[in-house]
Amino acid sequence: MLKGPFAEAAMPSFVTRPQRQLDYRCFSSAIPIVIDNGGFNFRIGWAGESDPRVTFRNLVQRPRHRATAIVSNAGETVTIVGDHDPALMKYFDCTRSSYRSAFDNNVVYQFEIMEYVLDYGFERLGAEGPQVDHPILITECICNPVSSRSKMAELLFEIYGVPCIAFGVDAAFSYKMNQLHGICDEDGLAICSGFSTSHVVPFAKGEPVWEACCRTNVGGYHVTDNLKQLISLKYPYHSSSISWEKAEDLKLEHCHVASDYAAELQLFQKGAKEAEEKTRCWQLPWIPPTQEEMPSVEEIARKEAVKEKQGQRLRDMAAAKKSIRISELENELRVMEDLLLQLEDVDEDEAFSILSTTTFNSRQELESAIHKVTQSLRKAKGESCESEEKTDSSLAEKYPLIDVPDDILSPEQLKEKRKQVFLKTTSEGRLRAKQKRYEEELWREKQNQQDEEKRLENPELYLEELRAKYRELCEKVEQRKRLKTNGYHSNGNGNTSGGVGRGERLNAAQKERMRLLTTAAFDRGKGEDTFGARDEDWQLYKLISRDNDDENDSFEEDHAELTRIATRLQDIDPTFVAKSDMVPIQGITSELPWFRPRTIEDFQISIGIERFRCPEILFQPNMVGIDQAGLDEMAGVSLRRLTCADDDVKNKICSSILVLGGSSLFPGLDSRLEAGIRQIRPYLSPLRVVRALDPVLDAWRGAAAYAASLQFSTQTFSIQDYYDKGESGLKNYQIKYSL
Amino acid sequence: MEPDVVSSEMLLPPVLPFKKVQMADKYPKGQARGRHWKHLKQILQAENYQSYGPDEPNYLNIETPPSMYPSKKFCDITGFEAPYVDPRTNLRYANPEVFKRIRMLPNEHVQRYLSLRNAAVILR
């Protein structure tokens, strides 16, 4: 992990650590607490105030505390609610826990997590005393399942001791807030795009018409996730730096809704200049590779001296060893020569007795031993052995028996002759090989010379040709390798998605082996097993164990040629870097040659088409596989569901369309919506699409204003109701939004 | 506890005075609790929406129906309009260059691209 700039970059702009409020005591128990329990943010504050006191991400993380010297409770699970400074996460072990949300879609389903969130919310609000003794207004999703609502009520009543609660829908509060400010009328349409879902709610006479609303399960989460996935697939080697939070940040900063998606796509497909201008670049932290400093003169000298010293020591050792060997050999020679002198003076019997005390059996043996020792002595002393030249010069003398016919030779001579013939052929063979090697060298030299000439004539062309040849050979070798191993690291050979048959799994050699075995088994038939009775049977194993040699030969040749060209290229082309054999083909990045040094450009992530491709899923949820209509069509669906309304009312509704919710923040969304809805409305019918005053905060503000009104107490559901009516009471519970 | 962790007040205190039942008492430590929550699907099944009146809005019937327009096909890699589909990987692509790239893609990436539009092959 990179430190420093990266740690700062990882802190998303929307991260906040709320301060604990200190004025909890100043509020009488009649003043309601207002909670906007949104999928993205949790907001809590006091009724009648203009802004929520505390806002944090509606998330819980439960890592373990890492063991450090100061910590006494290391390894204990702790609870972190909301965002946190990534710099402090080093104290926690998050390997087994990730962010958890209480929401499934937009419905609260994990109340343990909800409890942590509420704990934290009340704690930050400064709650004191034995219970939270305030009425609570909390938002919920449209048509919240009763079990979820009752669990929430249970939690608030039984754990926090809340006296009474009220449930309302955030979109409705937001609409009422804007109605209060004259942005929209009492008849209208709220188009609310949230974190996990988008809703369209029609309003008639200031009240939401739930029967006519509709929901599409696509929201800001999907946009961010889509963006994150697309970028990390585009840049697989940077996927670790593309966190969900970073993607969210990029989305907030760069994404927009295209007014005409198809035209915008065309622009990018043609590679127009405007498209280039619209592409944004995100520079990842990049540390330039440190230039290797040239060592100083002293350094070089010092190293040289050390090297010299070591070399000297080795040379001394070798010399000492050599002198020891020479003296040893000389001693041996002296002893043997003495022995020879002794033998010369005495007769046969005595000679035999002398020899029996030594390791030699005969005089001849002794002589040959002496000869051998002199030879090695000469060699040790560094004098050249003349023996070879001698054999060359006196071929005829050395093999006197070869040309003599067999019939005039005695058996011993025959034996001798055979030996001479053998010696002669081997030495001749050696000579021939030498000659051949020499010729080959000459040929190669000539080739090199020609190459050099060509290069001097036209260096660029030559280099190009060489490179082309290199590539071709590379491919050939690769291909063969892939054939052999059946290319499992790329789907280029088509054995991934299609049927993976036996034929595709085995390579040629294995297939041949298989065939031999099966034919062998077949030939034996069903009778008794006689395999191994005949000697030929065993030949089978030889056949099996043999790989296709003929192919290997040409393969080796190619390989040799490849290495030759590679070395040549290395000599003359400074930019050339040999392809490593095992470079895996990395998807679309294969065009990006990683074997060259990485530059700052490699650490840039450009988002062009993604800027409007990702938000487009709000209008075409089909793009992410959600088979529901998008935002503009939803308005039409909602209007159709308003069965009781006539055209006049519909016109009125359409002239007051309010866009709200966190995902409506994309620039261009309202104009796109207007264009989309105009298509479904009759020609020249009135249409007005407006953005909410604050699409994000209006829900809480509306709720706070609602809770502050005098009639709020008539809309609440008290703990007494809870015990009297239970779930069925909650099922029928519905607040009136216009008070 | 590290001083900067304490000063940031990022951890939820284990005991909160305003609660009638503390977390630790409600979920005693070291006790296996099993799964104590239902997924949304299960919640909705248990809601018994069939007994509701046909005009009564509920979580399920307020869902938007599929679009009336045929869905446009976009290239999975570039995002351009895609006239072609690769029969091997099922990826949509815009032009031959993209096709080449598709064929170079490792299977894992192919599946990730497919899962982006909920079309990945899920092996169970």
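View 1. Arg53(A) is partly exposed, because its relative accessible area is 22%; the class runs between buried (under 20%) and exposed (over 50%), with a 1.4 Å probe and protein chains only. This is a predicted model: local features need pLDDT of at least 70, side-chain atom pairs need pLDDT 80 or more, and totals for chains, interfaces and linings use all residues. Residues are numbered from 1 along each chain as its sequence is written, chains are lettered from A and ligands numbered from 1 in the order in which they are written, and side-chain values use heavy atoms, without hydrogens and water. Arg53(A) forms a salt bridge with Glu49(A) (a side-chain nitrogen of Lys or Arg within 4 Å of a carboxyl oxygen of Asp or Glu). The closest N and O atoms of Arg53(A) and Glu49(A) are 2.8 Å apart. Glu49(A) has 22% relative accessibility, so Glu49(A) also counts as partly exposed.

**View 2. A buried pair, Arg43(A) and Asp36(A).** A salt bridge links Arg43(A) to Asp36(A). The closest N and O atoms of this pair lie 3.2 Å apart. Are Arg43(A) and Asp36(A) buried or exposed? Both are buried. Over all chains, the structure holds 31 salt bridges.

View 3. Helix H9 of chain A covers residues 297-345 (helices, H or I, at least four residues, and strands, E, at least two, are DSSP runs numbered from the N terminus). Glu299(A) and Arg302(A) both lie in this helix. They are three residues apart, about one turn. An α-helix has 3.6 residues a turn, so residues three or four places apart point the same way. Glu299(A) forms a salt bridge with Arg302(A), and their closest N and O atoms are 3.6 Å apart. Glu299(A) is partly exposed because its relative accessible area is 28%. Arg302(A) is partly exposed too, because its value is 49%. Elsewhere, Arg20(A), Glu123(A), Arg124(A) and Glu9(B) belong to one network, joined by salt bridges that share partners.

**View 4. The covered helix H6 of chain A.** Helix H6 of chain A spans residues 244-254 and is mostly covered. How many of its 11 residues are buried? The count is nine. Among them are Trp244(A), Ala247(A), Leu250(A) and His254(A). The buried set also includes charged residues, among them Glu245(A), Lys246(A), Asp249(A) and Lys251(A).

**View 5. A nonpolar patch on the surface.** Ile680(A), Met68(B) and Tyr69(B) form this patch. Together they have about 310 Å² of accessible area (Shrake-Rupley method, 1.4 Å probe, only the protein chains shown as cover). Patch members have over 30% relative accessible area and no salt bridge; nonpolar side chains (Val, Leu, Ile, Met, Phe, Trp, Tyr) are joined within 5 Å, like charges within 9 Å. Ile680(A) is found in helix H23 of chain A, residues 669-680. Ile680(A) counts as partly exposed because its relative accessibility is 31%.

**View 6. A negative patch at Asp349(A).** Asp347(A), Glu348(A), Asp349(A) and Glu350(A) gather in a patch of negative charge on the surface (charges are placed at CG of Asp and CD of Glu). Asp349(A) lies in helix H10 of chain A, residues 348-357. Asp349(A) counts as exposed because its relative accessibility is 64%.

**View 7. Chain B and its annotated span.** Chain B has five helices and two strands. Along the sequence, they follow the pattern α-α-α-β-β-α-α. Of the 124 residues of chain B, 37% count as buried. For residues 73-102 of chain B, UniProt lists "domain: Vps72/YL1 C-terminal" in an unreviewed entry; such annotations may be inferred rather than shown by experiment. The end C-alpha atoms of this span lie 16 Å apart. The span is 23% helix and 13% strand.
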